[in-house]
Amino acid sequence: MTSPSATAPTPKGTGTLVDSGAARHSRILGVGAYRPARVVMNSEIVDKIDSSDEWIRERSGIISRHFAAPDESVIDMAEAASRQALEHAGIAPEQIGFVLVATVTHPYQTPAAAPELASRLGSTAPALDISAACAGYCYGVAMASDMVKGGSADYVLVVGVEKLSDFTDPYDRGSAFIFGDGAGACIVGPSDTPGIGPTVWGSDGTQRDAITQKQAWTDVRESWQTAQADKNVWPAIGMAGQTVFRWAVWGMAPVAQQAIDKAGIKADDLDAFIPHQANIRIIDAMVKQLKLPADIPVARDIVTTANTSAASIPIATTRMLAEGEIPSGGLALQIGFGAGLVYAAQVVVLP
Ligand code: UT7
């Protein structure tokens, strides 16, 4: 950068702005979730991938998942979860100051899902989508927390929603059994005391191929132009399962530990561990590595919900709170990780 010239204009005033409000704390005020009605058992998946119910249960923990109806969109599911979160938080739609929707399965490059969701709820708040795959909800909570603390919004609606059934190749042995559909949401708002601990987050783009849409949209366009459109050019999501598995097991426990340390607590202080629901073996390995006390409730929602990417953590949180498994006001460690590769972890006070 060149230095300002001697003839550069000088500011008219002091260069200060009106203080938009003192820095404050943030917390999650309410959560909500939506699972589509249709339950899909492993038996419905296995024939196309030469697999078995037993193999899927043993390798992933999954017994069943929910698939959205053909005409049910991510916005439909997000709306249902958001309404529940608003009600739980006791917040009216007009009070929403920002809408963040974490998703990788909204089928429009543009416009984003968030503005339509906002207007369906009766809000004209600024709204955008986050593309951070399975870390999207924790990214959203971190961003919402900073917005509330910084004063740019009083209440932020954070949604994690996926209709992965639209982007899954039912003949792909490595992924057809793993994904499910659903939505989870929370409201982040101001608090007198810290309610969302420092987020530990990062990315490793060198591993972009580990989980990726198999074709770019431009490849699909090319296939139209050459009149070769068939199922092979549908940009379903593919995954190098073992690579991601190893990264998750060895790389994510230290991230979770850092989130505990930065929150100024010990593992013993936790009332819940709510990791992304990727594979029950990954969850069990993390519990072991973090040396969590045996009595800490751990989200194992994957068994009946499968991997719903950005939605998995808020869906699990909502269920655990509703079933009285975890205490309102308790401390939960949440960690999301996935395509990018990207990750984010934070300790939160449960609503
Ligand atoms: O949400 C984003 C983050 N995602 C994740 O964290 C997912 C991480 N990865 C995983 O969860 C696991 O890698 C999977 C569940 C996807 C796969 O489990 P795995 O234990 O890594 O299986 P594998 O790929 O190592 O395959 C083991 C064996 C192979 O047979 P051999 O070579 O041992 O004879 C595969 O051919 O299982 C076979 N196999 C299958 N068998 C039945 C692979 N896929 C299937 C299948 N059904 N669907």
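**Figure 1. Salt bridges between domain 1 and domain 2.** In this predicted model, 3 salt bridges are counted between domain 1 and domain 2. Arg 35 and Asp 301 form a salt bridge in which the closest N and O atoms are 2.9 Å apart. In general, side chains of opposite charge can pair when their charged atoms come close. Polar contacts between domain 1 and domain 2 amount to 20 residue pairs, with both residues at pLDDT 80 or more. On the side of domain 1 that touches domain 2, at least two residues each come from strand S1 (25–34), helix H1 (53–60), strand S3 (64–67), helix H2 (74–89), helix H4 (136–150), strand S6 (155–163) and strand S7 (181–191). The residues of that side are 26 nonpolar, 15 polar and 10 charged.

Figure 2. Domain 1 covers residues 25–191 and domain 2 covers residues 200–349. Taken over C-alpha atoms, the centres of domain 1 and domain 2 are 13 Å apart. To the contact, domain 1 gives 51 residues and domain 2 gives 46 residues. About 3700 Å² is buried between domain 1 and domain 2, and carbon and sulfur atoms give 63% of this area. Within domain 1, the residues that lose the most area to domain 2 are Arg 35, Cys 134 and Phe 167, which together make up 18% of what that side buries.

**Figure 3. Residues annotated as active site.** An unreviewed UniProt entry carries the annotation "active site" for Cys 134, His 276 and Asn 307. These residues span 174 residues in sequence, yet no two of their C-alpha atoms are more than 8.9 Å apart, so they gather at one spot. His 276 sits in the loop between strand S11 (272–275) and helix H7 (280–289). Cys 134 is also one of the residues of domain 1 that lose the most area to domain 2.

**Figure 4. Spans named as domains in UniProt.** The unreviewed entry lists "domain: Beta-ketoacyl-[acyl-carrier-protein] synthase III N-terminal" at residues 128–205. The end C-alpha atoms of residues 128–205 lie 22 Å apart, and this span is 19% helix and 35% strand. For "domain: Beta-ketoacyl-[acyl-carrier-protein] synthase III C-terminal", the unreviewed UniProt entry gives residues 261–348. Residues 261–348 have end C-alpha atoms 13 Å apart, with 31% helix and 22% strand in the span.

**Figure 5. Backbone geometry at Thr 110–Pro 111, Gly 340–Leu 341 and Asp 50.** Most residues other than glycine have a negative phi, and most peptide bonds are trans. Thr 110 and Pro 111 are joined by a cis peptide bond with omega of about 0 degrees. Pro 111 is placed in the loop between strand S4 (96–102) and helix H3 (113–121). A cis peptide bond also joins Gly 340 and Leu 341, with omega of about -10 degrees. Leu 341 belongs to the loop between strand S12 (331–338) and strand S13 (342–349). Asp 50 is not a glycine but has a positive phi of about 50 degrees. The loop that holds Asp 50 runs between strand S2 (38–41) and H1.

Methods:
Residues numbered from 1 in each chain as written. Predicted model: local features only at pLDDT ≥ 70, side-chain atom pairs only at ≥ 80, totals over all residues. Heavy atoms only, no water. Domains from an automatic or database assignment. Contact = heavy atoms within 4.5 Å. Buried area = accessible area lost by both parts, 1.4 Å probe. Salt bridge = Lys/Arg side-chain N within 4 Å of Asp/Glu carboxyl O. Polar contact = N/O pair within 3.5 Å; in protein donor to acceptor, adjacent residues only side chain to side chain. Helix = DSSP H or I, 4+ residues; strand = E, 2+ residues; numbered from the N terminus. Nonpolar A, V, L, I, M, F, W, Y, C, P; charged D, E, K, R; others polar. UniProt positions renumbered as here; feature names shortened; annotations may be inferred.
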